[in-house]
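Colleague: I would like to learn how to read a helical model. Could you take me through it one feature at a time?

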Amino acid sequence: MLDPSSIFGLASNLAMLGWLALLVALFVKPARTYAWPAAQFVIPAILAIGYVLLIWQGRSGFEQGGFSSVEAVRTLFANDAALTAGWLHYLAFDLFIGAWISRDAASRGISPLIVLPCLPLTFLLGPAGPLLYLAARAVLANKETVQ
């Protein structure tokens, strides 16, 4: 039996380790060999396993609630297992996207200084980070086309 509170703390710390690795890998190229696969695949996979186990554990409490309305989602997340699973979902996807941003930027020769604000924004505000990155990438690509 998983303790949702303990899993919440462990998963948050694990994700922070992945984000730290991504930040270091922005400026230390040799770190990319380990940081990128860890942040894009290994840590999200571990979080996904926790997600599946929490969903399985909390399945009996999922009879109430659902995804059809705000009230139904609120009721669903009143279950600690579902709430923690939802948190792991955010952590895994945001970290995966952060690693994608890092890899994509490096492959395009985009400065780490451009990527730097996108990573914490992805961690803290999810889709706002990739939005900023894609906007910056489009502006930079447009500048190269004009010159």
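Modeller: In the protein chain here, 35% of the 147 residues count as buried. This is a predicted model, so local features need pLDDT of at least 70 and side-chain atom pairs count only at pLDDT 80 or more, while totals for chains, interfaces and linings use all residues. Residues are numbered from 1 along each chain as its sequence is written, and side-chain values use heavy atoms, with hydrogens and water left out.

Colleague: How many helices and strands does the protein chain have?

Modeller: Helices (H or I, at least four residues) and strands (E, at least two) are DSSP runs, numbered from the N terminus. The protein chain has seven helices and zero strands. Its C-alpha atoms fill a box of roughly 60 × 35 × 15 Å along the principal axes.

Colleague: What covers the buried residues of H2?

Modeller: Contact means heavy atoms within 4.5 Å. The buried residues of H2 include Trp36, Ile43, Leu47 and Leu54, and their cover includes helix H1 (4-27) and helix H4 (80-108).

Colleague: And how is the packing of two helices described?

Modeller: Two packed helices are described by the angle between their axes and the distance between the axes. Axes are lines fitted to C-alpha atoms, for helices over the stretch in contact, and angles run from 0 to 180 degrees between N-to-C directions. H2 and H4 pack at about 160°, with axes 8 Å apart. That makes H2 roughly antiparallel to H4, a term for angles over 145 degrees. H2 passes H4 in a left-handed crossing, meaning that the near helix is turned anticlockwise from the far one by less than a right angle; clockwise would be right-handed.

Colleague: At what angle do H4 and H6 pack?

Modeller: H4 and helix H6 (residues 118-125) pack at about 165°, with their axes 9 Å apart. These two helices are therefore roughly antiparallel to each other, and H4 passes H6 in a right-handed crossing. Leu91, Asp94, Ile97, Gly98, Ile101 and Ser102 in H4 meet Leu119, Thr122 and Phe123 in H6.

Colleague: Is Ser102 buried or exposed?

Modeller: Ser102, in helix H4, counts as buried because its relative accessibility is 2%. Leaving aside neighbours within four places in sequence, Ser102 is in contact with Leu22, Leu26, Trp36 and Leu119.

Colleague: Which residues does Phe41 touch?

Modeller: Phe41 lies in helix H2 and touches Trp36, Phe96 and Arg103, not counting residues up to four places away in sequence. Phe41 is partly exposed, with a relative accessible area of 45%.

Colleague: Where is Leu125 placed?

Modeller: Leu125 is in helix H6 and, at 53% relative accessibility, counts as exposed. Leu125 and Asp94 are 31 residues apart in sequence and 8.9 Å apart in space, C-alpha to C-alpha.

Note on methods:
Buried < 20%, exposed > 50% of the residue type's maximum accessible area, 1.4 Å probe, protein only. Parallel < 35°, antiparallel > 145°, perpendicular 65-115°, else oblique.
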